[in-house]
Amino acid sequence: MAMHQFPLLVQWSSVPEIYHGFLSVMDRELEVCIEMASTGTGRTGQTLTKAGPRNTSRSSILSGRVGFLSGSEELKEILSGQETQLQQKMDEAKDMASFLVELVDTLEVTMSNRSAKGDKEKPLRYCTHIMEQLDALGWDRVTLVDQDFSRVQIELCDASQRKHLITARFPPAYPTIPLTIAPLEIPEYEDDQLASQRGLNVGGLSSKQGLALEAAIRQAEGQLEIFREFWDVMQDFDERTWVIDPEKPTRADKMRRCALGNHCSIQVIVQPLSPRSMPDTKLFGPTASIAPMRTKLYQNAGLWDIKKLPRENLEVLLELEGGFPSPISTNKDDINVGCGICYSFRFEGQVPDQLCSHAKCQQPFHRVCLYEWLRSVPTTRQSFHTLFGSCPYCGETITTSAPKT
Amino acid sequence: MSSAVHRRMLKEYMAVQKNAATRPHLELLEPIQEDDLLHWQAILLGTADSAYEGGRFKLDIVIPTNYPIQSPTIRFVTKICHPNVHFKTGEICLDILKSEWTPAWTLESVCVAISSLLTNPEPSSPLNCDAANLLRCGDTAGYNSLVKMYTALYAIGDSDEE
Ligand SMILES: [Zn+2]
Ligand SMILES: [Zn+2]
């Protein structure tokens, strides 16, 4: 058998005869360096380790009558525990090439067993340590564990039964190197005093040397409690009003823009640390319609009651008799199922295929109608054949291109 | 007449009839003649607690052939004393009829906006300086009595003539 059946191995020198390159096993390339023993001489590997291309991470694996094998740490680790059998195979092989065939077989078996078990190359100590911590925590709270245990997702529940996910990452050298916890999604707030009192930093959780998972989670739970009321308030807006912005509010979003009907909306910015006090508000809509609402907000400001939710207070202040309109009650009336401009479905053979991309709007338009509208608006920008303007319904950015004629 | 605007006006007409009960201050909104969907009229009612109380105000609405790309032209036919309405021509100064117009508005929602303009004047962009000045110097009582006088004079009773 000859070395040419290993296409990734290249002869690096002829005297001594050295091959360097890779063994390809299970879609992975494992670095090896082989020195053939010169015929008749039984040289030992130790003297040869410096031969071959320099590579500090390569270490000696086997040496015998047919030659000397060194390889990457990865290779060495995969073969660990099988040294005796391999030495025997090497001693029985008639030449290096036949030994390499045996070696590749061994690697295939070992690696396929490993990928089936899914523990790759993590040492046992690493895994058991993490397992113990997850046991202590309770597996019902663990929503995701990476195959190799490097990433664990844990579900936290606040006192209002809202679920929060935190992600703990375990570095390969864990527990020598501490775990890190991805920042919780929390609103930005301005209160240094509170932050220092509770030992928090706004950016996320710091994990000191040796901080165990459980302690890190307790720290996160403390943070959840601080913002629980804030999230109660935001959740109430999300459930009881038609939020037109942001499209998909995150736990960090302090702003909501709620529809009031008749092309009007109110934007509120809630203070995370005193969520029940009167938020900053801004009214949007035609001047004539929002002017009376602004007046009501000022005149009724004294009615604000921190025992009530801000959404309820705003309903009182704005004198919204039926409460905030819900998406169902405010949504498109049935005259407007087709194009938002011509009100037809089929127009010049076309159907309304231009949709506003804003999730809460999604108003359809004919390309020809939208194009004509955008072209008539002075603030529309044009780049080549594309027009960039605002959706006539929600005001968000909308684009369209010239209809084919 | 362009068939696109014709179809849209028909749909608006159907919706107006359906919604009639839900807008108390809009007594009427319809084409003046059945065969001309580009010329409408409306009657706004003065709200109960305002100086326009008891008044019926007629609007004349002309729809351009490229509606709704272009906004409708609306003016008061009934004489009205209001800072944002021209006393002689009935011209209305309202953002949504000019720069803020979008095809999302309908004749009906525009009429509701005009109705709310009556009780919420914008004295900073006046078409009627006398009325605006009274408001700007804080003479609400003087303003209200002026409005009441004109409302009684032109908008109350069977004074449907222009
Ligand atoms: Zn259309
Ligand atoms: Zn839109």
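Here is a chat about a zinc site and a sheet in chain A of a predicted model.

Trainee: Which residues are the protein donors of the zinc ion (ligand 1)?
Mentor: Look for the side-chain atoms that lie 2.1 to 2.5 Å from the ion.

Trainee: What geometry does the site of the zinc ion (ligand 1) have?
Mentor: There are 4 donor atoms, and the angles among them run from 94 to 120°. Four donors count as tetrahedral if all angles lie between 85 and 135 degrees. The site is therefore tetrahedral.

Trainee: How many residues apart in sequence are the parts that A:Cys342 and A:His366 tie together?
Mentor: Along the chain, the donors follow the spacing C-x2-C-x23-H-x2-C. A:Cys342 sits in the loop between α9 and β14, while A:His366 sits in the loop between β15 and α10. So the pair links parts whose separation in sequence is 24 residues.

Trainee: Is A:His366 buried or exposed?
Mentor: The cut-off for buried is under 20% relative accessible area. A:Cys342 passes with 5%. For A:His366 the figure is 0%, so the call is buried.

Trainee: On to the sheet: which strands of chain A stand at the edges?
Mentor: The open sheet has 5 strands in the order β1-β2-β3-β5-β4, with antiparallel pairing. An edge strand here has a single partner, so one side of it is left without a neighbour in the sheet. That picks out β1 and β4.

Trainee: How many bridges join β3(A) to β5(A)?
Mentor: Strand β3 covers residues 28-36 and runs antiparallel to β5(A). To find your place, A:Met36 stands opposite A:Gly67 in β5(A). On β3(A)'s pairing with β2(A), you'd count 8 bridges, but with β5(A) the number is 5.

Trainee: How many residues lie between β4(A) and β5(A) in their hairpin?
Mentor: These two strands pair in the antiparallel sense over 4 bridges. A:Ser60 stands opposite A:Ser70 in β5(A). The number of residues between the strands is 3.

Trainee: How many of the residues of β5 (residues 67-71) are buried?
Mentor: Take the strand one face at a time. A:Gly67, A:Leu69 and A:Gly71 are buried on one side, and A:Phe68 and A:Ser70 are buried on the other. The count is 5 of 5.

Trainee: At about what angle to β4(A) does helix α2 run?
Mentor: Helix α2 takes up residues 83-92 of chain A. This helix lies across β4 and β5, and its angle to β4(A) is about 55°.

Notes. Residues numbered from 1 in each chain as written. Chains lettered and ligands numbered in written order. Predicted model: local features only at pLDDT ≥ 70, side-chain atom pairs only at ≥ 80, totals over all residues. Heavy atoms only, no water. Donors = N, O, S within 2.8 Å, 3.2 Å for Na, K, Ca; no water. Tetrahedral: all angles 85-135°; square planar, octahedral: opposite > 155°, others 65-115°. Buried < 20%, exposed > 50% of the residue type's maximum accessible area, 1.4 Å probe, protein only. Pairing = 2+ DSSP bridges. Contact = heavy atoms within 4.5 Å. Axes fitted to C-alpha atoms, helices over the stretch in contact; angles between N-to-C directions.
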